[in-house]
Amino acid sequence: MIVTCVHVSVKPEKVSEFIEAIRENHKGSVQEPGNLRFDVLQQSDDPCRFMIYEAFESEEAVLMHKETAHYLKWRDTVKGFMAGDRYAVRYNVIEPAEKSKW
């Protein structure tokens, strides 16, 4: 299993539009084969900062996600909303090791 935490800083005037776009991406992502979680979090002390917590069963599932229509639409839509470059940190899952625990 692979977890990626994507950190995004959004321009204040674009927060509502970003939320609308990421909700659509979330709806598609949670239906993908190999997706275990796709959580969208907004920082409590800075509403312009978001983290997307993505968990996939395999590297193949991650690669397939990046080719989906909903992801590509989100990526292109929010490009101008960013206050800086988004960045991702990848993790290998230690626990829970069993898929059934997700």
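Which residues does F18 touch, not counting residues up to four places away in sequence? F18 touches V8, V10, F50, W74, V78, F81 and M82, where contact means heavy atoms within 4.5 Å. This is a predicted model, in which local features need pLDDT of at least 70, side-chain atom pairs count only at pLDDT 80 or more, and totals for chains, interfaces and linings use all residues. Residues are numbered from 1 along each chain as its sequence is written, and side-chain values use heavy atoms, with hydrogens and water left out.

**Confidence**

- The chain has a mean pLDDT of 95; pLDDT is the predictor's confidence in each residue, from 0 to 100.
- 100% of the residues reach 70 or more.
- Among the elements, helix α1 (residues 15-29) has the highest mean pLDDT, 98.
- Strand β4 (residues 87-92) has the lowest, 94.
- Helices (H or I, at least four residues) and strands (E, at least two) are DSSP runs, numbered from the N terminus.

**Strand pairing**

- Strand β1 (residues 2-9) and strand β3 (residues 49-56) run antiparallel, joined by 8 bridges. Two strands pair if DSSP finds at least two bridges between them.
- In this pairing, C5 stands opposite Y53 in β3.
- Strand β2 (residues 35-42) also pairs with β3 in the antiparallel sense, over 7 bridges.
- Here F38 stands opposite E54 in β3.
- A hairpin is formed by β2 and β3, with 6 residues between them.

**Nonpolar core**

- The largest nonpolar core has 16 residues. Such a core is a set of buried Ala, Val, Leu, Ile, Met, Phe, Trp, Tyr and Cys residues joined through side-chain atoms within 4.5 Å.
- V8, V10, F18, I52, W74 and V78 have the most contacts inside this core.
- Two or more residues come from each of β1, α1, β3 and α3 (69-78).
- Helix α1 gives the largest share, 4 residues.

**H65, a histidine in helix α2**

- H65 lies in helix α2 (residues 59-65).
- H65 counts as buried because its relative accessibility is 1%. Buried means under 20% relative accessible area, exposed over 50%, and partly exposed in between (1.4 Å probe, protein chains only).
- Leaving aside neighbours within four places in sequence, H65 is in contact with N25, S29, E32, F38, E54, F56, H70 and Y71.

**Salt bridges**

- The structure holds 6 salt bridges. A salt bridge is a side-chain nitrogen of Lys or Arg within 4 Å of a carboxyl oxygen of Asp or Glu.
- Side chains of opposite charge can pair when their charged atoms come close.
- One of the bridges joins K14 and E17, at 3.3 Å from N to O. K14 is partly exposed, at 23% relative accessibility, and E17 is partly exposed, at 37%.
- Another joins R49 and D46, at 3.3 Å from N to O. R49 has a relative accessible area of 40%, so R49 is partly exposed. D46 is partly exposed, at 23%.
- D76 and R75 also meet in a salt bridge, at 3.2 Å from N to O. D76 is partly exposed, at 43%, and R75 is partly exposed, at 32%.
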